Amino acid sequence: MAAAEQQVGLHLHPVSTRIGELELDPAQQKAMAARRDEEIVWLDHDLAPPKPAFDVIVAGYATAPLGHPGLFIDAGVRVGTQIGSMRAFAPRYWHRTWLGYEARPLAQAVQRVPVSYAFADWATGFAIGAATDANEGPALLPWIEALDTSSERRRHTRVPAGLGFWPENASHRFIHTGTYDDAWEREIAPDLPPDFNPRFYNAAHPSLQLAHAPVAGTAIRLVHLAPQAIVECSFPALGLSVQARTASGRTPAAVSMKPDTLVIEPEHDRMSVVWRVLLPASEQGDPVRTVRLFRTASAA
């Protein structure tokens, strides 16, 4: 893995896109006709405090092996021993039969499926419920679902799945927001409530939130997330630190930075690491004017 010729800058705002601007095949476009103008977040902004866990986020598509599209694609990413996986389907709908309901495809094969939260089974994706009224059209099913490999026989569940960014109202993030009641409004606002958990800042799927940042050389493996069926590389050997310089010329000791996010963009053949640090507060009247970045020995 080599350094990119063009480095990715900091995202000061979320990187958003319309569903209609995604690379969808005709059957997918037809299924998404009512939502084509819906805007989704493809990549999060970088303006956040250091994250308690290490996020692994894939911004891309589950991709069928070349020449072998099918009704579904199993895809996943592994970083060290941590694995995130999912099953991506061709557009489907609930069909009512005399025995109940069954899933039926709107297309017989699919080549690529976005791994975004917008196509998962949850409130702002595809919320599965009873079939819609005949006048409203068929009830569409999620394009991506969790792939359960815990049993001998694979079976997919209705746990929200997706290898990309997850928004603030996703259940695994929202539970960390804390309590905003009358007492908070009277006594604490605008500060965060005492039961706020910084884990809220982690925006990856729970299966891709690592307890610690990968060490240099940790193996990374992508399966069915790029034109090549399998892509393998390793976490870079890099350490960073910063040193602030205040208006009066003071230079406090350098502070080590911590990597807390790995963004994988298979379409661009690119992986980016986000490093963060909190600098000590400056003395009143002596604010930080410049910050110098240093390369240091990487973690082994």
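Select Leu-47 first. At 55% relative accessibility, Leu-47 counts as exposed (exposed is over 50% relative accessible area, buried under 20%, partly exposed in between, with a 1.4 Å probe and protein chains only). Leu-47 sits in the loop between β2 (39-43) and β3 (54-58); helices (H or I, at least four residues) and strands (E, at least two) are DSSP runs, numbered from the N terminus.

This is a predicted model, where local features need pLDDT of at least 70, side-chain atom pairs count only at pLDDT 80 or more, and totals for chains, interfaces and linings use all residues. Residues are numbered from 1 along each chain as its sequence is written, and side-chain values use heavy atoms, leaving out hydrogens and water.

With Leu-47 they make a nonpolar surface patch of about 350 Å².

Zoom out to the chain. It holds three helices and 19 strands. Of its 300 residues, 40% count as buried. The chain exposes about 17000 Å², and carbon and sulfur atoms supply 54% of that area (areas by the Shrake-Rupley method with a 1.4 Å probe).

Go to His-172, in helix α2 (residues 171-174). His-172 is buried, with a relative accessible area of 17%. A polar atom of the His-172 side chain lies 3.1 Å from the backbone oxygen of Ala-204. Show the contacts of His-172 (heavy atoms within 4.5 Å). Leaving aside neighbours within four places in sequence, they are Trp-166, Ala-204, His-205, Pro-206 and Gln-209.

Next, the sheet. Three strands form an open sheet in the order β16-β15-β19, with antiparallel pairing (two strands pair if DSSP finds at least two bridges between them). The edge strands are β16 (255-256) and β19 (288-296), each pairing on one side only. Strand β15 (residues 239-246) is joined to β16 by two bridges. Select Ser-241: Ser-256 in β16 stands opposite.

Finish with the backbone. Most residues other than glycine have a negative phi, and most peptide bonds are trans.

- Ala-189 and Pro-190 are joined by a cis peptide bond, with omega about 10 degrees. Pro-190 lies in the loop between α3 (182-187) and β12 (209-210).
- His-224 has a positive phi, near 60 degrees. Its place is the loop between β13 (219-223) and β14 (230-234). His-224 is buried, at 19% relative accessible area.
- Asp-269 has a positive phi, near 55 degrees. Its place is the loop between β17 (258-265) and β18 (270-276). Asp-269 is exposed, at 73%.

How values were computed. A polar contact is a pair of N or O atoms within 3.5 Å; within protein, one must be able to donate a hydrogen and the other to accept it, and residues adjacent in sequence count only if both atoms are side-chain atoms. Patches are made of residues with over 30% relative accessible area and no salt bridge: like charges are joined within 9 Å, nonpolar side chains (Val, Leu, Ile, Met, Phe, Trp, Tyr) within 5 Å. A salt bridge is a side-chain nitrogen of Lys or Arg within 4 Å of a carboxyl oxygen of Asp or Glu.
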